[in-house]
Amino acid sequence: MASPEDTPVGRRLRLVKHIIIVCSGKGGVGKSSVSTQLALSLRSSSPTARVGILDVDLTGPSIPRMLGLDGHPVHQSSDGWVPVYADGSEARLACMSVGFLLKRKEDSVVWRGPKKNAMIRQFLSDVRWGELDYLVIDTPPGTSDEHLSLVEHMAPVHSRISAVIVTTPQAVALLDAMKCLSFTRATSIPLLGLIENMSGYVCPCCGEISNVFSTGGGEEMARREGLRFLGSLPVDTELVSLLDATEPDDQEANVMLAEGGSRHSFRLLERYEKTSTAPLFRAIVEKAMTALPALEGRE
Ligand SMILES: Nc1ncnc2c1ncn2[C@@H]1O[C@H](COP(=O)(O)OP(=O)(O)OP(=O)(O)O)[C@@H](O)[C@H]1O
């Protein structure tokens, strides 16, 4: 009988060192923007780091838009689907999302569990990621079919799967984050830690921090539950305009596009580094990385 590692999913994931699932109990807390920032920061963590980002938020895929890749086609090669590269010929940031497969970005995916499960299996078995240091997986809010499918397909063939929980500081978001925590515990997925997003607002003029949604709830939950608190990210208006931009906005981007790159991704990488959130996020990633060696010991 074939071992699980010899399945199509096992053969693809064998080339991936670490898989990080990003989840949140509630919608709109910034899970996709955290996934995007995690992918960008991990790519910058070394000059050779290779990162993939897989968007399994089937009903609300946001990663193509955040990476400036909206509307890119996915090519089929003899060795499977070719991911879309956010950094053109450097090919160190690969992306796959159901968003690339929709005819129009306004189209919605209305699928029952078995079809979602089949799509996720196909993403895991058919995408030609190649060798990756990290595969970041953005999931829908809550704990749903998509999460179960991921665990069902990946856990038997990969030992270095971990998760990050994103929450905002409000009580209702924290309550839902607890459900995510129960999910990771029930499925024995190690948690790298908790990130509190939209924790206060830094005034772009004077730098004063106001607590729009209160602050510190995530840190308090982490302490109570014995989790690693990875850090808090304030509301950053610069970040919104960067990640929510939909169109290429200058000639430079068009030249890049003509050379095989994406519309504004090249500029995105550079511009992200200049936001006030980027150094905060780097510190979060450094803290999360301290937990990874323990996963290697699980093999
Ligand atoms: N720290 C932040 N500062 C400012 N805006 C933010 C921040 N984090 C996220 N956002 C913005 O909030 C909106 C929702 O974020 P995002 O799409 O990442 O949330 P989500 O949890 O993935 O949502 P969904 O439930 O739709 O999957 C986006 O417009 C995003 O740019």
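With 13 C-beta neighbours inside 10 Å, G27 counts as partly exposed. K31, with 26 such neighbours inside 10 Å, counts as buried. Both residues belong to a predicted model, and both are among the residues that come nearest to the ligand.

**Around the ligand**
- The shell holds 21 residues, of which G27, G30, K31, S32 and S33 come nearest to the ligand.
- Two or more shell residues come from each of α2 (31-44), β9 (191-202), β11 (229-235) and α8 (237-243).
- Sorted by class, the shell has 8 nonpolar, 9 polar and 4 charged residues.
- An unreviewed UniProt entry places the feature "binding site" at G25, K26, G27, G28, V29, G30, K31 and S32.

**Two residues to look at**
- G27 is found in the loop between β1 (16-23) and α2.
- K31 has its place in helix α2.
- Apart from neighbours within four places in sequence, K31 is in contact with V22, C23, S24, D138, P141 and V166.

**Helices α6 and α7**
- The axes of α6 (residues 171-186) and α7 (residues 217-225) come within 10 Å and cross at roughly 35°.
- This crossing of α6 and α7 is right-handed.
- On the α6 side the contact involves A171, L174, A177 and L181, which meet G217, G218, M221 and E225 of α7.
- By class, the contact of α6 with α7 has 5 nonpolar, 2 polar and 1 charged residues.

Note on methods: Residues are numbered from 1 along each chain as its sequence is written. This is a predicted model: local features need pLDDT of at least 70, side-chain atom pairs count only at pLDDT 80 or more; totals for chains, interfaces and linings use all residues. A residue is near a molecule or strand if its C-beta atom, placed from the backbone, lies within 6 Å of it. Helices (H or I, at least four residues) and strands (E, at least two) are DSSP runs, numbered from the N terminus. Ala, Val, Leu, Ile, Met, Phe, Trp, Tyr, Cys and Pro count as nonpolar, Asp, Glu, Lys and Arg as charged, and the others, Gly among them, as polar. Axes are lines fitted to C-alpha atoms, for helices over the stretch in contact, and angles run from 0 to 180 degrees between N-to-C directions. A crossing is left-handed if the near helix is turned anticlockwise from the far one by less than a right angle, and right-handed if clockwise. Two residues are in contact if their C-beta atoms, placed from the backbone, lie within 7 Å. UniProt positions are given in the numbering used here, feature names are shortened, and annotations may be inferred rather than shown by experiment. A residue is buried if 20 or more other C-beta atoms lie within 10 Å of its own, exposed if 12 or fewer, and partly exposed in between; C-beta atoms are placed from the backbone.
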